[in-house]
Each structure stands twice: as structure tokens, then as C-alpha cells.
Amino acid sequence: MAGSRPQINKAHKSRFSSKASRQVHKTSLRDKSRISKSEHNVTKGARAARIQRNKMVWDQKWAALLKEKRASSASTSPPRVIVLFGLSASVNLDALSKDLLALLSPEGTKATSATIASPDYKLRATVLKAPHGDLLTCLEMAKVADLIAFVTSSISLYEEDMSVFHVDFFGSQCLSVFRVIGLPSTALLIRDLPLEPKRKQELKKLCLSSLACEFPGDCKFYPADTKDELHKFLWLFKEHRLTVPHWRNQRPFLMAQEVDLVNNDCNPGKCTLVLSGYLRARSLSVNQLVHLSGIGDFQLWKIDLLKDPFRLNAKKGPELMDSDELHDLQAIRSLVPDRLKQEPLLVENIPDPLAGEQTWPTEAEMAEADRIHKQKEQKKKILPRGTSDYQAAWIVDDTDEEVSGSEDDEVDGMVLDEEENGFSDPEGSNYSDLDEDHAVSNLRNSDDETEAATAMTEGENLTREQIEDEIRKIKDAHAEDEEFADEVDTPLDVPARKRFAKFRGLKSFRTSSWDPKESLPPEYARIFAFDNFARTRKLILSKALDMDQGKEDCVSVGSYIRLFIKEVQVDVASKLSVLARTSLVLACGLFQHESKISVMHFSIRKHDSYSAPIKAKESLIFHVGFRQFITRPIFSSDNMNSDKHKMERFLHAGHFSIASVYAPISFPPLPLIVLKCGQGEASPTAGAAVGSLKSIDPDRIILKKIILTGYPQRVSKLKATVRYMFHNPEDVRWFKPVEVWTKCGRRGRVKEPVGTHGAMKCTFDGVVQQHDTVCMSLYKRVYPKWPEQRFPVLDR
């Protein structure tokens, strides 16, 4: 070995050190001790702060979990709603419902209603049976369910020798719809299992393997034949932490257990509808508006706070009441709305017919115009050297050139975007702008090609053969739209400049400008819009949180209340009281502005089980959260890179589209279920599409695109003579400013008409093939259809 020399390591290169470390030698020892950090604070202090912060977050989550569990299991919470849903028509739900109610009922008593308080389980529950085949009722029950118990039967396995558990078409359709609105806590009950233990265990494993993919991962499977098995299910259900969709906890709602009406002597056609039930999810203010599902929005006359008819008291036992006693409950406290604070029932804006009139200018406006005119006269012009005053008077400024150019370009009359073309015109012909009012006036009373030519009749006075013929026409149009999208034929009897007067050309669909306030329809005077939708939504949701703090005009969650809803039509209330015997009656509280009409946009896709075509502007039933209404949407693509969106004539399967409708305002997030009524009374209502609420924006520009096609007659390198796009030379001159393109990728422009039959000369940026097709794209803005009837209850 060498000598015992100390080890010397190579020092770090200074160019890799920081600037502060290179300057540290210039700092005095006094300043070094002042600016340096303690190693104890860096290691132990930071670690202790991190541990403390994590412990605080964990404590907050645990406290929130305990609060939620105590609130759901306390005697003041509303009864839990259990919905029994059969996966096939062979499942007997009546026997299962009787077994559950008998098990929940105290000894020696019999259940007289669907809601019952059990002192043995310390649980209050409402057991509902979903009718198989009724999609509307099943959908309403799924909206309020705390637990959906899917029921299947094993009889078909050992009687019909089947290898898997059967889920019929209606069951699978409802399952997909339930997933869209958000599944609450779920369980699967297996009925009719054999008594032999080995065979029973085999069928349970078979059920688990065949149906596990249809349900969430936390869904438990329970046999439900004997009393002990149902006892185990109810005990685990009581201890289970329930999960509900997020949108359901945003608004207060009530599932009516009693429906009554009080006649109004002052207003013969109206009455007061009385609903009794438990308030759920959130506190309700008497000054809020309420929505009756499928009927409309109303104001409250008053709210009565009643004694709880299904009180849970372990010492004295439950208090069972029949329907007559429920009707005669006395009010503990009554809440009356304040006229100054009550939300007004404003649905549509009342337009001012004189708002668009031009009045004589005032003196101040005339003085302002004179001042601007003098400023323009005093503005110095940049003139060539040696220009006299007489010559300078004939030189116009830039603004005059723009105005004169736009006036000269009105000869052709066709609208085109102001951007320059990508290639030069050998003839020197320039693009022009259209005076929209002049073009539209020629077709003010003409029919729209998608509304009049393909409008489907309502089917009231049609025979079976006529209905089948209409359906066949729509299916043919749907297939043609998929194969030849947007292509239309120029009519022979009507000039194209009149037939397509509302259309205009665009240089670029993505970058060309389109004013969202231009030529709006009369319906836009009846709707509302937000200056800042995100800020308004945040403010309204914060006000809703303040209601949960226990205000004087609010009723707390879990209270048994009686709602007095005023000014309901007598025939509607009578029909609702009859429907309450077989289906649910739901009422939910509304936020501010949620009764007003605006333009709403939904992200939507066609349901996998629905094969019939869905045409734009067709009457559909929209279920948005607790609300349901009839509307006539238009479909468009969701273009992320542009403020303009292309209209779609049909809702095609396999991808998402945007459905735009006139509808009452609702704040997202909310799910969407679209139902379509079948032709005739025998055809049931089917689920046509699903989706969610996307935005509320009346300024969203939806453009309908049409493509006029022509065919080259003679081709000479970059030039071609095109025919069959138009049928007279006046139409060629009218559409001359619009750019043309071919299906093989060439772009060009129209030079001049040829002959008297609509042929035209065109130049292109490349060689045109003889077999190519020449196209011209035209656009116009479209709007949804205003619904004639907004609510579907009267159609039942």
C-alpha cells in the first residue's frame, strides 16, 4: 500500500453551481447567519407540517362521513326509497313486495301503505314496484330511488334449460337509461332458487358470472326466497352507505303521497293543487318556484309543516296511519310567501313591437353627427407633391373607398366572405357582398326545403298505409343523407336565386365571420340570455347553499309538508290526481331564472336499441333531471375550432351531436333522456337518445349547408365548362362570387355564363378531370322550432 495520505475528491465545477452560491463569499458572516435557514426547520418542521395537514384532511373527511351517516339513519331523515325492478317479465314483484313489507312491519300489524317505519330495524322505508313495460314510470321511480333492487328469477334456467340468466329487451333498455341518469346504490335479488344446496350454489355462481358485467362493481347479490335471506338483505341495507347521483342533491324535491285539489271561486278555470310528502335533498323556501314533472312551473300559495305520520320511536313503537288519517293531519306551522321576495313566474319575455322602429333623431344626436362630420372634413389627407386643392377634392379617403366598393359590388348580389381568394382571377372579376334584406325579401313567403318538403304529418287522421308510407319516406331520406350529405338539386321551375336567396357563400367555414345578432327570428324576442352564465350560475348555487342554514322562510330536509300550488288548471289537476294512483307525482324546487325560456344545447347520441330515424325539428320528449317537456330540436356538430357549427338533418348513430332547443333554463350538470312516442296508440314510448346538458347560449351559430353540383362538359387544362348546376344565365351571374370546388380537390371560380341553359365557364387551380364533379357550398343560419305544446301529461 501507499502511504496514509488523506483522500482528496475532485471539486464540483463552478459553472454548474447557482448564481447565489457563487456570490456567497461576498456576504459577511453576520448576514450569512441571518439569511440562512435552520436545518431543523427544513427537515423536522416541514415534515411535521405535512403530517398535520394530512391529519386535518383525514379528520374533515371522517367528520363529513359521520355527518352523512347520522343524517341518513336518524329519525329526522326521510324514509329510504327502495325500487324493485324486474329484469324480465316473468319476475313476480308483488310477492317480493309483500314479503318485504311484512318483514318491516311490527308484529301483529299489517302494512297499509308503501311507506312503513320498522322499530326492529330502526329504519323507515318506502317500497315501490316498477311496472314492467312502462318506461315513463320506471324512469320517474329511478330518479327518486335510494336503492334500486334488480330482481331476477331462476325458474327459466332449470325449466327451459338455459345457460345464462335472462334479461329481456325492456330490462336492458331500462338499464342503459338508468346508467345515463346515474345509478344510486344497487343490489340484485335472486328469486326462485332450488332448495337443494348444491344446485342453489351453482345457480348463484352462474348468476354472478352472467350478470356481473351489467351492474356496478359494488353491487351485491342476495338470494331472496326465505325470511332469513330477506332479513340479511334489510340489515345490510340499513348499515349500507347510500350513494345518489350528484345532480339529485342540488335541488329540493318531493315525492307526493297524497294528491288533492281545492277549487278557486275567484278563478273558475284554476284551482290549488295540494301535495303531501317528505322533503328530500335540500331545504325548500316558500318563495321559490316549483316544477311539477310533466305539467309546468308554478308559484306556492303556502307550505304547511305537518306532524310526521311515520315517526320512528323505539320506546312507544311506530305510529301507523291509514290514508284517511294522512289526509286529516293538522298543520304545526304554516309558511306564507313574501310578495317582495317571491320569485316571479316569468316564462317568456314580452317583446316591445316598437323596439325596432326608427325615430326622428334628437338635437343631441344631430349635434354629435355634425361634430363627427366636421372632424372628417378637418382630417388631413396625404397628397402627392404638387397636388392642387381642386385635385385634392377628388381624392377620397380609405373609408370612402370601402363604401363605394361595397356599393359597386352589389351588382351580382350574392353574399361572400370578405377574405381574399387563394389564387388570382385572370378576368379580374371581384367578389361581392349581398344586401341580405334584398335577397330575403324575394323569398319572404316561400317555404323552407327541409320543413315543407319533408315535414311529417302528426298522424291523427291518417290510415295505416299512409303512416307506413310516411315512415318509408323518412327512412329513404335518412339513407340518402348518409350517402349524399348536403347535396341538393337545383329546381327547374324556380330560379335558384329565389330558391336559395337566404343562403350565402363562405370563403372558410372555420375563419370567416358571421354576426350572431344578424337577422334573428321573432322567437328570439321572447327568450332570455345571460351576460355571464358562469358567474350567474356560481352566484345562484351559493344562494341555494344559504337556504340550508335554516332561514325563517325555509323548510328543512326530512320534514313532512303539504305544498299548496296555486293557479293550476282544473282539468290538469284532475288528471294528475287520477295518475297518482298508478304512477309517481314529483315536485322539485327551482333556482332563480329556471322558469325562463332560452336556447339550451345538449350533448346527445342515439340510443343503441333505437333503430328508427330521428329527424331534425321532430317533436320529442326531453327528460332533463326532474323536468320533462316537449320540444323540437335541431342537431348540429360540435366544432371545437370554430364558432360556427354545421347542422345535421338526422341524428345519426355512433357519435355525439348537439341538440339545440327552446326550453326552460336549467343549470348543469343534468342528465338527458329523449323519448319518442310511437305512431298510433298501440306503439309505446321508446327511448330514442341519451345525453347531458352542455350549455345555454342563444348566440351559438348553427349553419345549414347545401351543395349544388354540376358536371364538366368540356375540359381544357385549368378551364372547364360546367352544366346542370344552374338552368338560366341569371342564376350564374347571381352566384358568380361564390367559390367552387371539385370532389377531387380542385378549387376555382365562375368566370361567365355560356348560352341560355345555365352552363358556365370556370377556372381552377389545377387540371380538372372529365369524370370529376363541380360543387358549390352555400350556408344559412337555422334555429330550433318553437314547441306548440310544452308538457306531455295531457297526452297520456
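Author: Buried means under 20% relative accessible area. The model discussed here is predicted.

Reader: Is Cys271 buried or exposed?

Author: The cut-off for buried is under 20% relative accessible area. Cys271 has 1% relative accessibility, so Cys271 counts as buried.

Reader: And Cys588, buried or exposed?

Author: The cut-off stays under 20%. Cys588 comes to 2% relative accessibility, and therefore counts as buried.

Reader: How many disulfides does the count give?

Author: A disulfide is a covalent bond between the sulfur atoms of two cysteines. The rule asks for a pair of cysteine sulfur atoms within 2.5 Å. By this rule, the number of disulfides is 0.

Reader: What is the strand order in the open sheet?

Author: The sheet has 6 strands, with mixed pairing. Its edge strands, β2 (115-118) and β6 (220-223), each pair on one side only. From one strand to the next, the twist averages 30 degrees. The order is β2-β3-β1-β4-β5-β6.

Reader: Which residue in β3 is the bridge partner of Ser118?

Author: β2 pairs with β3 (residues 123-129) in the antiparallel sense, over 4 bridges. In β3, the bridge partner of Ser118 is Leu123.

Reader: At what angle does helix α7 run to β1?

Author: Helix α7 spans residues 169-181. The helix lies across β1 (80-86) and β4 (147-153). Its angle to β1 is about 145 degrees.

Reader: What is the handedness of the crossing of α5 and α7?

Author: The axes of α5 (residues 135-144) and α7 come within 11 Å and cross at roughly 35 degrees. The crossing is right-handed.

Reader: Which classes of residue make up the contact of α5 with α7?

Author: Contact residues include Leu135 and Cys138 of α5, and Phe170 and Gln173 of α7. By class, the contact has 9 nonpolar, 1 polar and 1 charged residues.

How values were computed: Residues are numbered from 1 along each chain as its sequence is written. This is a predicted model: local features need pLDDT of at least 70, side-chain atom pairs count only at pLDDT 80 or more; totals for chains, interfaces and linings use all residues. Side-chain values use heavy atoms; hydrogens and water are left out. Two strands pair if DSSP finds at least two bridges between them. Helices (H or I, at least four residues) and strands (E, at least two) are DSSP runs, numbered from the N terminus. Axes are lines fitted to C-alpha atoms, for helices over the stretch in contact, and angles run from 0 to 180 degrees between N-to-C directions. Contact means heavy atoms within 4.5 Å. Buried means under 20% relative accessible area, exposed over 50%, partly exposed in between (1.4 Å probe, protein chains only). A crossing is left-handed if the near helix is turned anticlockwise from the far one by less than a right angle, and right-handed if clockwise. Ala, Val, Leu, Ile, Met, Phe, Trp, Tyr, Cys and Pro count as nonpolar, Asp, Glu, Lys and Arg as charged, and the others, Gly among them, as polar.
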